[in-house]
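Let's take a friendly walk through this structure, chain by chain. Keep the sequence and the 3D view open as you read.

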Amino acid sequence: MALHEKRELMDAATVGRTLRRLAIEITEREKGVENLVLVGIYTGGVYLAHRLAALINEMEGQPVPVGTVDITLYRDDALEGLPRPVIGKTDLPFELAAKKVVLVDDVLYTGRTIRAALDALNDYGRPRRVHLAVLIDRGQRELPIQADYVGMRIATEDDQSVKVALSEKGEADRVAWLEWKEEKE
Amino acid sequence: MRPMSIVIRGGRIVDPANGVDRQADLLIEEGRVAKIDTGIASAEKEIDARNMLVMPGFVDMHVHLRDPGEEYKEDIASGTRAAAAGGFTSVCCMPNTHPTNDTRSVTEYIVNRAVEVGVVRVFPIGAITKGRAGKALCEYADMRDAGIVAVSDDGDCVMDSALMRRAMEYAATFGLPVIQHCEDKALANGGSINEGLVATRTGLTSQPGQAESIMVSRDIQLAGLTGAAYHAAHLSVAASFDEIRRAKEKGLPVSCEVTPHHFTLTDEVCASYDTHTKVNPPLRGAEDRDALRAAIAEGVVDVIASDHAPHSLLEKEVEYGLADFGISGLETSLALSLELWREKLITLDRLVELLSINPAKIMNLKAGSLASGMPADVVVVDPEKTWTVEPARFASKGRNTPFTGKELKGKVCYTLVAGNVVFGEGE
Amino acid sequence: MSFSQRHLLDIESLNSEEISTILDLADRFQEISDRRIKKVPTLRGMTVVNLFMEPSTRTRSSFEIAEKRLSADTVNFSASSSATTKGETLLDTVRVLEAMDPSILVVRHSYAGAPHMIARNTDVAVVNAGDGVHAHPTQALLDCATIRKVKGSVEGLEVAIVGDISHSRVARSNLFALPKLGAKVRVCGPRTMIPPGLEELGIRVCNRIEEAVEGVDVVMMLRIQRERQGGTPLFPSLREYSRTFGLNRQNLALSKPDAIVMHPGPVNRGVELAPDIADGDRSVILQQVSYGVAVRMAVLYLLAGSPPVEERPVFFS
């Protein structure tokens, strides 16, 4: 069994356009950047949060603070499986009170990561509100959680996954839909 | 049991006391060795000893039978069964029982009990001092009449030089050898293992080898002063063998013994905190272990004795520092000793000397020889038989051995005492 | 991240990757300790038993805080490990505690090897919080964490450990940990307090404190273990000890100008450490205490949960 590409979801240009659209949507619905902060979920959402902040800054001429939150210690399966995953740095260089937080992640799937992120944020303070922006919503939710800003929606199955490649990680921007298939001899 | 006539047929008879090492048959009649010859006519009982070694029964001059007082650990019945399984036809038992064997009445108890339930010959060793407290002498004459063959405070060391001198002189009056457990208690300070790198790494309390050799040196000088027959028990460090060698060169009446665990293991095995490695004197470093083996090969060592020290879970399944010292050794002694022969450190003749002839001589026992007329104390050994050490299958109640799971080569097939099979088929 | 041990019994059984894993994790847990809500739900619902058979307030409180910050439920069980108050054996006590279904047993005991014996006889994960004079692995780890935090890295540093090395589990664990991370270690104390074989381990032994601290980056002072000395005395008087082996302003000046002073605590002011040094600007003693909680959180996090089986793939959604 190996992972094969089912099809390409976004090439580099599409990624760029989608992010610009998300940046516009966020600025529109959040009614500007006052008290707005973006918080990227480690690891997938961090680079995206920075990109969105840069795009919003371009449009509004105002910097948007970016933080990161690591949810490893808040996972509901935190102690299962070895070796333990690396715990990333949680860095929220601002008070959360009165802030409009937009959580950013690359792929929304079961919703458990978001639930853990909400719990983590809760231990740092009480924001005014929390919205969610994701590049891909792949469906198959296990909790009642939805994104407010969605790049693309697809309907995946259990034996599939979504790979998000970003230039910050050394590969060209690209999103692919993958599935496990029997190796062809 | 009515002694019958028995032929032990076709084995390699190794009887260096009489210069015998050949394949032959051994005839036993009325509990005594009748003759050794080829083609002996069949008798009432046949023991097939082809491919086996036939030797005079072994004598373990250092065992703890724990009876009277600690029968849950071992008693004379189980201890002698363990001895028989190990090929020993005679054992000398140490006096650290409860009550201490420091009076005639305890000696008599042991002797009588051995007659009742013992399966091999039991020779008690009396205490040097009352209660082994190192202060007052015991009634050696009285106890000798009751059956002690030597005196020792084993488990403890007689620290007071003046007292040790008088004990040696007094024991010599009655022809009793003095056996010393050599341990300068102040230096040793109750240390659990050998002082060295393993102790430093593990944080276990330790005692330096000098705690033993200092005592050996002192005792040898006292032996020179008194002319007493002196035997150093379970020696473990190179310096001790140097002392013994020098004493023998001077012609002093000293002898010494070593245990199989001391010539097999080093203190590295203590690093696991397995209390089955805890023994006194402690397992030493590789240098001392190798010096010990060299001393055996050279002839400085007179006796291999097990220092059989059975303990129960109560004493061993505790923190290392709290565990009692001791290894249950009767049933692994022979196989470990045969390793020395296989590694060409000793000949089979020397093995018989170490396990049978010398201990018999030191303790003045009629054993160690298969000459015609001698009591038929015989052991038949299969030197090639491999087996795995499983303490649950020991005859001894003591399951405390560091050799669990070890594959050994060499097993006792039959042990006979006075012509009766006490271990093996048809016992 | 490489850590697949079932227990933390000593430093010897850890390799340098495993030690680094723990120290990296400790940095993350230090962040938890620095924020307002000093708690994560990771060990929620799990029970951790502190089995302290030897008195301790500092280490036990440190473990307790670490356990609570991970949302675990803590149970403290103290008893005496002295043979004279033998009632229940140690293993009997462990079996009773096992019946309460704990995830982790944190054990301190006055006999070396006791946590190892417990680990052999239970499925519960065991953390050694100090066994006799043998090991105190979490102390060495927090000492390394402190050095790493303040100096950037342990590699290439020269560390002097001064005091009763023979009777110090802190010294032993540090003697193993520091070289694994690339530091060079020297020890110093009266000969009566230096155990044999250290040169074989690559440790330099110094007879005077001046020699020991010359040019070092870290000076680690040990408490004179008065309570452990039974039998023959190892030094004549505290006065002589503190005059010959105590750290003060003059001899500290022989070390590097930015050298730090460490001590596992509690400090015998005026004996091993002059009071102005204990509270001075080179002292990182309080940081040691702070990182102690983070390091212990890291250890508990790594040992909680299922025992290591073949590696199960971890999927992120």
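Helices (H or I, at least four residues) and strands (E, at least two) are DSSP runs, numbered from the N terminus, and two strands pair if DSSP finds at least two bridges between them. This is a predicted model, in which local features need pLDDT of at least 70, side-chain atom pairs count only at pLDDT 80 or more, and totals for chains, interfaces and linings use all residues. Residues are numbered from 1 along each chain as its sequence is written, while chains are lettered from A and ligands numbered from 1 in the order in which they are written.

**Strand E1 of chain B**

With those terms in hand, start at the hairpin that E1(B) and E2(B) form with four residues between them. In its turn, Gly19(B) has a positive phi of about 65°. Strand E1 (residues 6-15) of chain B has eight of its 10 residues buried, so it is largely enclosed by the rest of the structure. Here a residue is buried if 20 or more other C-beta atoms lie within 10 Å of its own, exposed if 12 or fewer, and partly exposed in between, with C-beta atoms placed from the backbone.

Which strands pair with E1(B), and over how many bridges? The table sets them out.

| Partner of E1(B) | Sense | Bridges | Residues |
|---|---|---|---|
| E2(B) | antiparallel | eight bridges | 20-29 |
| E4(B) | parallel | four bridges | 45-48 |
| E5(B) | parallel | two bridges | 53-56 |

**A sheet in chain A**

Chain A has an open sheet of three strands in the order E1-E8-E7, paired antiparallel. Strands E1 (2-10) and E7 (160-165) of chain A stand at the edges with a single partner strand each, so one side of each has no neighbour in the sheet. From one strand to the next, the twist averages 30°, taking axes as lines fitted to C-alpha atoms (for helices over the stretch in contact) and angles from 0 to 180 degrees between N-to-C directions. E7(A) is joined to strand E8 (residues 174-181) of chain A by six bridges, and Val162(A) stands opposite Trp177(A) in E8(A).

**Two domains in chain C**

Chain C is assigned domain 1 (16-135 + 290-303) and domain 2 (137-288); such bounds come from an automatic or database domain assignment. Their contact takes 20 residues from domain 1 of chain C and 21 residues from domain 2 of chain C, where two residues are in contact if their C-beta atoms, placed from the backbone, lie within 7 Å. On the domain 1 side, helix H1 (16-34), strand E4 (125-131) and helix H11 (285-303) of chain C give two or more residues. The largest share of that side, six residues, comes from H11(C).

**Nonpolar cores**

A nonpolar core is a set of buried Ala, Val, Leu, Ile, Met, Phe, Trp, Tyr and Cys residues joined through C-beta atoms within 7 Å. The largest has 163 residues, and those with the most contacts inside it are Leu52(A), Val162(C), Val219(C) and Ala298(C). H11(C) gives the most to this core, with 12 residues. A second, separate core of 117 residues includes Ala114(B), Cys157(B), Ile357(B) and Ile362(B).
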